[in-house]
Amino acid sequence: MKKIYVTDLISQTQYSSWLEGKKVIIAAPTGMGKTTFILSEFLPYCKLRGKKVLILCNRRLLWEQYDFDLAERYARYAEMQTDVEVSTYQKLIAKIRCSSYIDNLFSGYDVIIFDEVHYFYSDADFNAEGTYILLQALIKAAYYKTVIMITATLKEVLPIIERTFFQCKSKIERETGVFPGFEKYAYKGKIYNFEAYRDYDRFQCIFVPDLESLADEISHSVGKTLIFLDDIKKAEDFKAMLTKDGVMDTKEVSLLTAQILEEKTDSPIVRHLVISHKLLTKVVITTSVLDNGVSVHDPELENVVITTESRVSFIQMLGRVRDETTETCKLFLFPRSSQYYDYRMKQYTERMNWYKDLERKILQGKSFELLSQGWFDDDEQSHFLRNAAVISKDDREFYSENKAYAYLRRGDMVISVNQFAKEKTGNMLNAEKKLYCLSMEDPAKVAIEQISWIGKSPEELKIVDSTYHDRRLNELRTKLLEVINFSSEKLQIFKAELAKEFRRDLIGDIVFKNGSFSNEKLKEICERNGLSFHQEVVEKKTIYNIAEKIKEEELV
């Protein structure tokens with residue numbers, strides 16, 4: 001079956017009308033060639049019509065990939081600069097801080113392309129100025145331009161985009177009035193939705209019961225692995241787990257974090273990914289910094305591991321693996337503990353309560369209290385406050401979701417609630433509750449829910465046994481069978497060693513005292529593992545042995 005690309009679905013007849021100041025959204029799964037369409041089809045047409053294009057993206061790595069792609073298409077740098085420029089959303093934040101610059105933000109550009117536009121939703125709860133305020137400023141500055149917005153995850157971001165465009169139109173009408181031709185620039189909701197073309201057949205979905213089994217699978221895999229974990233500490237711990245038994249060398253495992261991307265752009269792993277679109281090492285463990293835009297075209301990529309409760313992040317992470325070079329790939333999922341869900345639900349519930357308190361204080365006009373209430377402290381609530389209570393110029397603030405919108409104006413400054421972040425926080429609270437309930441029924445049901453986000457049925461999830469547990473169980477039994485004619489002193493040393501090596505995962509509910517346990521508990525451990533514990537007195541000394549249990553049929 002021939003693969004369908006965006007270039008097959010949008011004709012020149014259609015996109016030729018976009019240059020009349022249209023506002024367009026292209027929603028298509030990763031790997032459908034959205035970027036290729038822009039660079040190969042739409043950009044040359046804009047050049048032909050004498051229109052200059054500005055492409056905005058949300059990650060430095062993606063900006064660099066655009067830079068290399070354009071270098072391949074243009075022999076002359078000056079010609080490229082005449083036709084197109086690429087920038088990140090983050091670079092524009094500093095520019096909009098100067099109010100006089102906003103109206104001229106896109107001066108000299110005719111077409112503004114917002115790539116990975118879901119960024120304004122997904123990053124809203126930790127980057128208020130770069131999402132909530134920035135989107136409003138950009139849409140207002142681009143109101144009389146052609147705007148193309150691109151995403152692989154439309155559902156969550158579409159309400160935000162449409163509401164922002166609508167409120168922007170209302171604000172401009174109030175400020176400047178309506179003049180002939182004004183309406184032609186308004187958002188008409190032209191959406192090219194190609195999400196039905198998503199194809200994830202190449203992924204074999206596998207549920208492993210624990211991290212140790214996952215580490216076993218990855219460390220013994222022939223091909224390469226891309227792993228998404230949700231914080232750097234977990235990434236470092238998992239690297240240690242992969243290299244613990246010497247199966248993998250530490251040089252075979254790389255960590256890719258936000259710090260590396262920002263401060264070590266000349267890192268070999270970053271350069272290799274940007275230029276060749278391949279993983280330099282056998283395993284790359286990354287946080288969410290790699291979840292957007294970057295394409296991995298590596299025929300040696302065999303496994304991808306995803307850890308997230310966010311549908312948007314899940315689809316974006318999986319989308320890094322492109323089917324042009326990766327025909328088959330294992331998608332590994334593993335369970336979260338009930339303690340993890342408890343923590344997350346508590347965290348999101350607390351934040352939603354903070355939002356309510358913040359709205360109450362703003363409506364009561366307590367601006368000074370907000371600014372003096374630990375704003376510059378380094379605790380969790382202060383971090384929340386700096387992203388939830390947004391201070392901006394009045395002309396950059398017009399988004400509102402309801403009539404009870406909380407804001408406080410002082411001159412040309414406004415203190416308001418970051419509604420993008422509030423919406424994402426509420427959505428994540430609901431998601432955590434749903435997944436928690438599923439995990440209580442059966443941890444594998446969480447994985448079933450996650451693969452449904454990419455159109456997979458429950459029957460397509462392969463549930464494997466704990467290879468780690470079986471291996472460790474055999475190691476424990478082998479260790480126990482070493483007890484042959486042990487003296488009391490030697491047995492005591494043995495039990496201390498056994499407690500140290502196996503207490504965390506295989507000895508279970510045995511109570512330890514001073515790093516060891518009683519002989520009765522050792523007998524219980526033997527019983528659990530099909531072994532028998534014997535003690536006898538030989539020449540006034542107690543001797544201990546552990547052996548395989550004799551089966552009844554062998555006694556007959």
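Biologist: Which residues line the second largest cavity?
Modeller: This is a predicted model, in which local features need pLDDT of at least 70, side-chain atom pairs count only at pLDDT 80 or more, and totals for chains, interfaces and linings use all residues. Residues are numbered from 1 along each chain as its sequence is written, and side-chain values use heavy atoms, with hydrogens and water left out. On a 1 Å grid over the protein atoms alone, a cavity is a set of points where a 1.4 Å probe fits but cannot get out, a pocket is an open set with protein on both sides within 12 Å along at least five of seven lines, and lining residues have an atom within 4 Å of a point. The second largest cavity is lined by Lys3, Pro29, Thr30, Gly31, Met32, Tyr197, Arg198, Asp199, Tyr200, Arg202 and Asp323.

Biologist: How much space lies in the second largest cavity?
Modeller: Its lining has four nonpolar residues (Ala, Val, Leu, Ile, Met, Phe, Trp, Tyr, Cys and Pro), two polar (the others, Gly among them) and five charged (Asp, Glu, Lys and Arg). A volume is the space filled by probe spheres set on the grid points, which are joined across faces, edges and corners. For the second largest cavity this space is about 80 Å³.

Biologist: How much space lies in the largest cavity?
Modeller: The count comes to two cavities of 30 Å³ or more. The lining of the largest cavity includes Ile306, Leu333, Leu435 and Val446; by class, this lining has seven nonpolar, three polar and two charged residues. The space in the largest cavity is about 100 Å³.

Biologist: Which element gives the most to the lining of the second largest pocket?
Modeller: About 440 Å³ of space lies in this pocket, and of its 25 lining residues, Thr35, Thr36, Asp69, Ser295 and Arg322 lie nearest its centre. Two or more residues come from each of α3 (34-48) and α4 (60-73), where helices (H or I, at least four residues) and strands (E, at least two) are DSSP runs numbered from the N terminus. By class, the lining has six nonpolar, ten polar and nine charged residues. With six residues, the element that gives the most is α4.

Biologist: Which strands stand at the edges of the six-stranded sheet?
Modeller: The six strands form an open sheet with parallel pairing, in the order β3-β2-β4-β5-β1-β6; two strands pair if DSSP finds at least two bridges between them. Each edge strand has a single partner, so one side of each is left without a neighbour in the sheet.

Biologist: Which residue in β5 does Ile112 stand opposite?
Modeller: Strand β4 (residues 111-114) runs parallel to strand β5 (residues 146-151), and four bridges join them. Helix α10 (residues 154-176) lies across β1 (23-27), β5 and β6, by contact of heavy atoms within 4.5 Å. The residue opposite Ile112 is Val147.

Biologist: At what angle do α19 and α20 pack?
Modeller: Helix α19 (residues 419-441) and helix α20 (residues 443-452) have their axes 5 Å apart; axes are lines fitted to C-alpha atoms, for helices over the stretch in contact, and angles run from 0 to 180 degrees between N-to-C directions. Their angle makes α19 oblique to α20, since angles under 35 degrees count as roughly parallel, over 145 as roughly antiparallel, 65 to 115 as roughly perpendicular and the rest as oblique. The contact includes Leu435 and Leu438 of α19 and Val446 of α20. The packing angle is about 135 degrees.

Biologist: What is the bridge partner of Asn303 in β12?
Modeller: Seven strands form an open sheet with parallel pairing, in the order β9-β10-β8-β11-β12-β7-β16. Within this sheet, β11 (residues 301-306) and β12 (residues 329-333) pair over three bridges. The partner of Asn303 is Lys330.
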